[in-house]
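Notebook open. I am looking up surface patches, salt bridges and one loop, and noting each as I go.

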Amino acid sequence: MRRAIYDESHEDFRAMVRDFIAKEVVPVFHDWEKQGHPPRDFYRRLGEIGVLGVQVPEEFGGGGEKSLKYSAIVIEETTRAGVSFGGEGVHGNLVLPYLMAYATDEQKKRWLPGFASGDIMTAIAMTEPGTGSDLANIATKAVKSEDGKHYILNGAKTFITGGALADLILVVARTSPYNPEDRRGGLSILCVDTHVEGFSVGKKLEKIGLKASDTAELAFNDVKVPVENLLGEEGKGFYYLGHNLPQERLSIALGAAAAAEAAVEQAIAYTKERTIFGKPVASFQNSKFVLAECDTEAKAARMYADNALELLDKGELSVAEAARAKLFTTEVASRVIDKCLQLHGGYGYITEYPIARLYADTRVFRIYGGTSEVMKTIISKDIGL
């Protein structure tokens, strides 16, 4: 299928990323999966080749690009190769928009150069043990000190991608007492230096997939956060989170579309090579029909994701449209990957085959960034229900 969203500079970037993955990631990726994350210096390497700083303004050492298309290429190429860059996606696609939109000039000067170079890796901490999709129920608290110079942060977070290696974490905390009449009020975002006293990384969570991306529990025990590390205005945290949700959900949709395409490619290659009853599996009508269905759905998901990407770059991607993109592409990816795994037979269940890892890695797409059920709630409200 011909795609018109990329130009020559994008394709040059793609070639560089593809070559980098083949030479520096694929040979060691299995070790990263055993370790649970890439080595810390890998992120500095991403900084060296310009991956981390593509959208960071040039004055802070970045590439100054406005478009998310370069990040989309990274998603496509890592998925195609069956690898990941660990917490890079959260760092660039989730955290950076918050810093660009709400950080002061002083904060940008302090954090963005290291952000682009990989010397400062970031994460965002929203989810708590008792709070999933209902972010208004966040219990982590931050109380301002008597002298007004810092906040005292207490609480716990869980399912935090990149949390184990992050140097700076955007923590959503309640800075005003809970008010049942205004559940969304009183939340703020504090940028926490992970090297301070009272911060700790708890259990690193074992997942069924995405094994090279660290996911951890975090604890904050009387952590002192300078008031200079408040992101934006106090009490506006819930609004800020909603502002960035379209891009977060689009990033997941782009990954889902890429995963569906990768699954089809893998199934075609396997069924052409694998023989049964003296004939290639691909020669049977059932295989042809299943692959035709999967290819069509994968291409539809790709078109949907590409259109949403164009809307984002134009500043026109709404919360509801992002929800539709995420819902459609992640549900398609789930169906397509399952069918493609089935075509592999027993080998599809063996983790050395890319289709098995793809199956496990993409299951979470329908959960994080808002579950499919949450997406349906958003869409139903948008159509007046």
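**Entry 1: negative patch.** I began with the surface charges. Asp7, Glu8, Asp12, Glu58 and Glu65 form a negative surface patch. For patches I take residues with over 30% relative accessible area and no salt bridge, joining like charges within 9 Å and nonpolar side chains (Val, Leu, Ile, Met, Phe, Trp, Tyr) within 5 Å. Asp and Glu count as negative, Lys and Arg as positive; His and the chain ends are not counted. Each charge is placed at NZ of Lys, CZ of Arg, CG of Asp or CD of Glu. Accessible areas come from the Shrake-Rupley method with a 1.4 Å probe, and for residues only the protein chains shown count as cover.

**Ground rules.** This is a predicted model: local features need pLDDT of at least 70, side-chain atom pairs count only at pLDDT 80 or more, and totals for chains, interfaces and linings use all residues. Residues are numbered from 1 along each chain as its sequence is written, and side-chain values use heavy atoms, with hydrogens and water left out.

**Entry 2: Glu58.** Glu58 sits in the loop between α3 (40–48) and α4 (69–81). Helices here are DSSP runs (H or I, at least four residues; strands are E, at least two), numbered from the N terminus. Is Glu58 buried or exposed? Glu58 is exposed, because its relative accessible area is 61% and exposed means over 50% (buried is under 20%, partly exposed in between; 1.4 Å probe, protein chains only).

Entry 3: I checked the length of α9 next. Its 25 residues should span 36 Å at 1.5 Å a residue, and the end C-alpha atoms are 36 Å apart, which agrees. The expected span is 1.5 Å times one less than the number of residues. Gly345 lies in the loop between α9 (319–343) and α10 (354–362). Just after α9, Gly345 takes a positive phi of about 65°. Gly345 is partly exposed at 38% relative accessible area.

Ile350 is found in the loop between α9 and α10. Ile350 is partly exposed, with a relative accessible area of 38%. Tyr347, Tyr349 and Ile350 make a nonpolar surface patch of about 360 Å².

**Entry 4: salt bridges.** How many salt bridges does a search of the whole structure find? I get 26, counting a side-chain nitrogen of Lys or Arg within 4 Å of a carboxyl oxygen of Asp or Glu.

I looked at Arg3 and Asp306, whose side chains meet at 2.9 Å, N to O. This pair links distant parts of the chain: Arg3 is in the segment before α1 (8–25), Asp306 is in helix α8 (residues 285–313), and they are 303 residues apart. Arg3 is partly exposed at 24% relative accessibility. Asp306 is buried at 7%.

Lys299 and Asp295 also form a salt bridge (2.7 Å, N to O). Both lie in helix α8, 4 residues apart, about one turn of the helix. An α-helix has 3.6 residues a turn, so residues three or four places apart point the same way. Lys299 is partly exposed at 30%. Asp295 is partly exposed at 27%. Salt bridges that share partners join Arg3, Glu11, Arg14, Arg18, Glu76, Glu77, Glu261, Arg302 and Asp306 into one network.
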